[in-house]
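I opened the model today and kept notes as I went. The entries below follow the order in which I looked things up.

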Amino acid sequence: MDPIFAAALTRLKEMHQQYIEYMDGLSTDELDWSPGPEMNSMCVLGVHVTAAERFWIGIGIDNVSQRDRDAEFLASGYDLAALKALFAENIDFYEEAFKLQDLSRLCEEVDVSLYMARPSQVVTRGYALLRGLDHTAEHLGHAGMTRQLLDRR
């Protein structure tokens, strides 16, 4: 595996482990708890992050998954095991897919609107890979704050 993809995989594993630690010990009701209006529950964060991550990284490696972004934000009723499985499925996929990647393809341009209803947005595959990592990290902060608020309610 190319060192760039190996580093991305290591970072994804670290972030996924932190998500699991934030969710650990929570009941399904607690996973569905939202700190306030227009704020995401741990369940929503888990479903959204894994779908968005797989989508963006999929663009980066030319193996795009389908997603329903609106439905991600309505997710509820997942127990801890189901959320852990979503994170594990992504890692299992990356462990195999990253072995097959050619670093030179990260310079190729792709229009994101080919895969999602949105205005044209041309990015490099490298940008898409980084966006998948960045988005996962962004919401990791939200998950940490949500867990703190949940523990203090």
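**Entry 1: Gly-77 and the cysteines**

I started in the loop between helix 4 and helix 5, where Gly-77 lies. The model is a predicted one. I listed what Gly-77 touches beyond four places in sequence: Thr-28, Asp-32 and Cys-43.

Cys-43 made me check the cysteines. Is Cys-43 buried or exposed? Cys-43 has a relative accessible area of 0%, so I noted it as buried. Cys-107 comes out at 63%, so I put it down as exposed. I then looked for disulfides and found 0 in the structure.

**Entry 2: helix 1 against helix 3**

Next I took helix 1 (residues 3-23) and helix 3 (residues 42-61). Their axes come within 11 Å and cross at roughly 170°. An angle over 145 degrees counts as roughly antiparallel, so that is how I recorded helix 1 and helix 3. From helix 1, the contact uses Phe-5, Leu-12, His-16, Tyr-19, Tyr-22 and Met-23. From helix 3, I listed Met-42, Gly-46, Val-49, Glu-53, Ile-57 and Ile-61. Sorted by class, this contact between helix 1 and helix 3 has 9 nonpolar, 2 polar and 1 charged residues.

**Entry 3: helix 1 against helix 5**

I repeated the check for helix 1 and helix 5. Here the axes come within 11 Å and cross at roughly 175°. I therefore wrote down helix 1 and helix 5 as roughly antiparallel too. On the helix 1 side I found Leu-9, Leu-12, Lys-13, His-16, Tyr-19, Ile-20 and Met-23. They meet Leu-80, Leu-83, Lys-84, Phe-87, Asn-90, Ile-91, Tyr-94 and Glu-95 of helix 5. By class, I have 10 nonpolar, 2 polar and 3 charged residues for helix 1 with helix 5.

Phe-87 sits in helix 5. Its relative accessibility is 3%, so Phe-87 counts as buried. What does Phe-87 touch, leaving out residues up to four places away in sequence? I found His-16, Tyr-19, Ile-20, Met-23, Gly-46, Val-49 and Thr-50. I also looked up Val-122, 35 residues from Phe-87 along the chain. The C-alpha atoms of Phe-87 and Val-122 are 28 Å apart.

**Entry 4: the nonpolar cores**

In soluble globular proteins, nonpolar side chains tend to be buried together. With that in mind I looked for cores. The largest nonpolar core holds 32 residues. Which of them touch the most other members? They are Leu-12, Met-23, Leu-31 and Phe-98. I then asked which elements give two or more residues to this core, and got helix 1, helix 3, helix 5 (80-97) and helix 6 (125-152). Helix 1 gives the most, with 8 residues.

Beyond four places in sequence, Leu-12 touches Glu-53, Ile-57, Ile-91, Tyr-94, Phe-98 and Leu-133. There is also a second, separate core of 8 residues. Among its members I noted Phe-55, Val-110, Val-112 and Met-116.

**Entry 5: Tyr-115**

Where is Tyr-115? I found Tyr-115 in the loop between strand 1 (109-111) and strand 2 (122-124). Its relative accessibility is 31%, so I recorded Tyr-115 as partly exposed. Tyr-115 touches Phe-55, Ile-59, Val-64 and Val-110, not counting residues up to four places away in sequence. I took the C-alpha distance for one of these contacts. Tyr-115 and Val-64 are 51 residues apart along the chain, yet their C-alpha atoms are separated by 7.7 Å.

**Entry 6: positive phi**

Last, I checked backbone angles. Most residues other than glycine have a negative phi. I noted two non-glycine residues with a positive phi.

- Glu-38 has a phi of about 60°. Glu-38 is in the loop between helix 2 (28-31) and helix 3. At 87% relative accessibility, I noted Glu-38 as exposed.
- Asp-62 also has a positive phi of about 60°. Asp-62 is in the loop between helix 3 and helix 4 (69-72). Its relative accessible area is 39%, so Asp-62 went down as partly exposed.

Terms used: Residues are numbered from 1 along each chain as its sequence is written. This is a predicted model: local features need pLDDT of at least 70, side-chain atom pairs count only at pLDDT 80 or more; totals for chains, interfaces and linings use all residues. Side-chain values use heavy atoms; hydrogens and water are left out. Axes are lines fitted to C-alpha atoms, for helices over the stretch in contact, and angles run from 0 to 180 degrees between N-to-C directions. Helices (H or I, at least four residues) and strands (E, at least two) are DSSP runs, numbered from the N terminus. Angles under 35 degrees count as roughly parallel, over 145 as roughly antiparallel, 65 to 115 as roughly perpendicular and the rest as oblique. Contact means heavy atoms within 4.5 Å. Ala, Val, Leu, Ile, Met, Phe, Trp, Tyr, Cys and Pro count as nonpolar, Asp, Glu, Lys and Arg as charged, and the others, Gly among them, as polar. A nonpolar core is a set of buried Ala, Val, Leu, Ile, Met, Phe, Trp, Tyr and Cys residues joined through side-chain atoms within 4.5 Å. Buried means under 20% relative accessible area, exposed over 50%, partly exposed in between (1.4 Å probe, protein chains only). A disulfide is a pair of cysteine sulfur atoms within 2.5 Å.
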